[in-house]
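Colleague: I am new to this one. Can we go through it by question and answer?

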Amino acid sequence: MSELDVPISTAFDPFAEASAENSGAGTKEYVHVRTQQRNGRKSLTTVQGLKKEFSYNKILKDLKKEFCCNGTVVQDPELGQVIQLQGDQRKNVSTFLVQAGIVKKENIKIHGF
C-alpha cells in the first residue's frame, strides 16, 4: 500500500500553454493558415485572424493573382472574416504575408499535415 501513497508532483503542466492561449492571457495574436480536404484531390486553404484594418478583398486579389488560384472571403459568425483559396497554398500564403509586411513570421501558425 505504500506504493500508492506516493504524492504526485504537479509542478509540470503539459497543457499550460494551450490553456493560456485559449484564455486570452497571451498578447500574441496569431494568423492561422489551414488546409481542409474537400473530396478526392480537392482542398481549400483558409486564412483566419488577420487584423481588422486590412482590406481582405485586396489581400485576396493579390493572393489570387500571385498563385493563379480562385478564392473568396467568407463571413463566419464566430471567426469573423476568413479568406478561402483553392488548393493547398499554406506555404505560399505564409511567405506572401511575411514578404508583404502584413504579419511577422513568428505570428503565423500553419496547421495541417
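Colleague: Is Phe96 buried or exposed?

Modeller: First, this is a predicted model: local features need pLDDT of at least 70, side-chain atom pairs count only at pLDDT 80 or more, and totals for chains, interfaces and linings use all residues. Residues are numbered from 1 along each chain as its sequence is written, and side-chain values use heavy atoms, with hydrogens and water left out. Buried means under 20% relative accessible area, exposed over 50%, partly exposed in between (1.4 Å probe, protein chains only). Phe96 has a relative accessible area of 15%, so Phe96 is buried.

Colleague: How are the planes of Phe67 and Phe96 set?

Modeller: Rings of Phe, Tyr and Trp (its six-membered ring) pair if their centres lie within 6.5 Å; planes under 30 degrees apart are stacked, over 60 edge-to-face, the rest tilted. The structure holds one aromatic pair. The centres of Phe67 and Phe96 are 6.2 Å apart and their planes at 75°, so the pair is edge-to-face.

Colleague: Which residue forms a salt bridge with Arg90?

Modeller: A salt bridge needs a side-chain nitrogen of Lys or Arg within 4 Å of a carboxyl oxygen of Asp or Glu. That rule gives a count of one. Arg90 is buried, at 10%. Its closest N and O atoms are 2.8 Å apart, and the partner is Asp88.
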